[in-house]
Amino acid sequence: MIVETPGYNEVLDTYIAYGIVESLVRAGAEELTLIPLGDKYRIKTENFDGSLEKGIVEALEDMLSLHKAFRRYSPKEGKIVSDVDFSAGANINNVHWDNVPKTLERIKSDLKLNNSLSQKKNNTVPITLMPTAGKYIPKTFGMEKGNPIKIDDMNYALAWIGFHYYTPYINVSTKDATYVHIYAVKPIKTINLVEVLALKDLKKKISNYYIGDGKFFTHIKPALLYHIAYTESIGALETILNKQFTVVAYTLERIGNNQAVRAFGKYDISKLMDFLWYLKKENPHQAIQFVDTILRSEIEIPIAFIDAILYDDMSSVYSVFRRLKEKINLQIIK
């Protein structure tokens, strides 16, 4: 069996590809390969005669059960809002908090009744799934009258499945603002099923943080280092050691009623993961302490440290160590 993503956009197609993988595995696939093709992906399975639709239903049932279990807001009959990613977790537009789960519930019911879905492209893609869509960046992408990107039920469901099970994000709240850092992990070369599934260890089902004294959370790179340092397992890092992955990272910002896409960029996340693997295999506890010390320093220190790893700048790594040592010595003197 061979399935290809539709080729809408590198971020959206990444989510759809992971959604296909998750659904195929749930439908019984035991071997597959995920092959990057520019902005698209090809997924190949061997000896699989199951139903992709059956896997989609199972994935959606688990997602929607979690949504209902974590419900935190129900002002009127039939409206449920939760902190899962496809509700209030990763959507900064509150219109989507209830609408997305309802749409996924409808898609699940249609599949269970008919084992097929409408091919009409009637589902608006939120900026959560595709940061280049929507009215929040019209000057760059020429979209001045709302969001023109619409996809059919199948790809809409697959995209949210892929986002939910494979895409790390951090929702950071302050008194006046909300920042959602999203990290779409994009493989550069072909990976197998075990390697795809290892990426699930980068994901938490609920990823809401309140800043407190962790000011670094508002910055997209330090927040990423914190997340993968505290979330993943050594086994997952070992599985994907020396594999090439790019993270397409972007921040959704909401201040009052104003929404925007901020800090869009691409980073070689495999270098951060390899660094953490070598650090953690020596002493996991000290590794976490070390990362925490760096992150809670003046913000320029963790940013410089992360950039040094991303761009193989060892002189900057040593510079960070010297600054940390000076800071620790000053604290001891005081």
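**Helices, hairpins and an aromatic cluster in a predicted model**

Ala-88 is found in helix α3, which covers residues 85-89; helices here are DSSP runs of H or I with at least four residues, strands are runs of E with at least two, and both are numbered from the N terminus. The structure is a predicted model, in which local features need pLDDT of at least 70 and side-chain atom pairs count only at pLDDT 80 or more, while totals for chains, interfaces and linings use all residues. Residues are numbered from 1 along each chain as its sequence is written, and side-chain values use heavy atoms, with hydrogens and water left out.

To start with Ala-88, is this residue buried or exposed? With a relative accessible area of 6%, Ala-88 is buried; the word means under 20% relative accessible area, whereas exposed means over 50% and partly exposed lies in between (1.4 Å probe, protein chains only). Not counting residues up to four places away in sequence, Ala-88 touches Arg-72, Val-81, Ser-82, Asp-83, Trp-97 and Asn-171, where contact means heavy atoms within 4.5 Å. The C-alpha atom of Ala-88 is separated by 9.9 Å from that of Val-100, twelve residues apart along the chain. Two of the residues touched by Ala-88, Arg-72 and Trp-97, also meet in another way: Arg-72 lies over the face of Trp-97, at 5.8 Å from the ring centre. A charge sits over a ring if NZ of Lys or CZ of Arg is within 6 Å of the ring centre and within 35 degrees of the ring normal.

The aromatic rings come next. Rings of Phe, Tyr and Trp (its six-membered ring) pair if their centres lie within 6.5 Å, and planes under 30 degrees apart count as stacked, over 60 as edge-to-face and the rest as tilted. By this rule the count comes to seven aromatic pairs. Trp-160 and Phe-163 make an edge-to-face pair, with 5.6 Å centre to centre and 70° between the planes. Because these two residues are three apart in helix α6 (residues 153-166), about one helical turn separates Trp-160 from Phe-163. Phe-163 also pairs with Tyr-169 in a tilted arrangement, at 6.1 Å centre to centre and 35° between the planes. Trp-160 and Phe-163 are both buried, and Tyr-169 is buried too. Ring pairs join Tyr-15, Trp-160, Phe-163 and Tyr-169 into a cluster.

Helix α6 itself is mostly covered, with 14 of its 14 residues buried. From first C-alpha to last, α6 reaches 20 Å, close to the 20 Å expected at 1.5 Å a residue; the expected span is 1.5 Å times one less than the number of residues. At the start of α6, a side-chain oxygen of Asp-152 comes to within 3.3 Å of the backbone nitrogen of Met-154.

Tyr-169 leads on to the strands. Strand β8 (residues 169-173) has four of its five residues buried. β8 pairs with strand β9 (residues 177-187) in the antiparallel sense over five bridges, and two strands pair if DSSP finds at least two bridges between them. Which residue of β9 is the bridge partner of Tyr-169? The partner is Ile-182. Three residues lie between β8 and β9 in their hairpin.

A second hairpin is made by β12 and β13, with two residues between the strands, and in this hairpin Gly-256 takes a positive phi near 65°. β12 (residues 245-255) and β13 (residues 258-267) pair in the antiparallel sense over eight bridges, with Val-248 opposite Lys-266. Four strands also form an open antiparallel sheet in the order β1-β3-β2-β10. Its edge strands, β1 (2-4) and β10 (191-192), each pair on one side only. Two bridges connect β10 with strand β2 (residues 32-37), and Leu-34 stands opposite Ile-191 in β10.

Finally, Arg-26 belongs to helix α1 (residues 10-26) and is buried, with a relative accessible area of 18%. The side chain of Arg-26 makes polar contacts with the side chains of Glu-22 at 2.8 Å and of Tyr-165 at 3.1 Å. A polar contact is a pair of N or O atoms within 3.5 Å; within protein, one must be able to donate a hydrogen and the other to accept it, and residues adjacent in sequence count only if both atoms are side-chain atoms.
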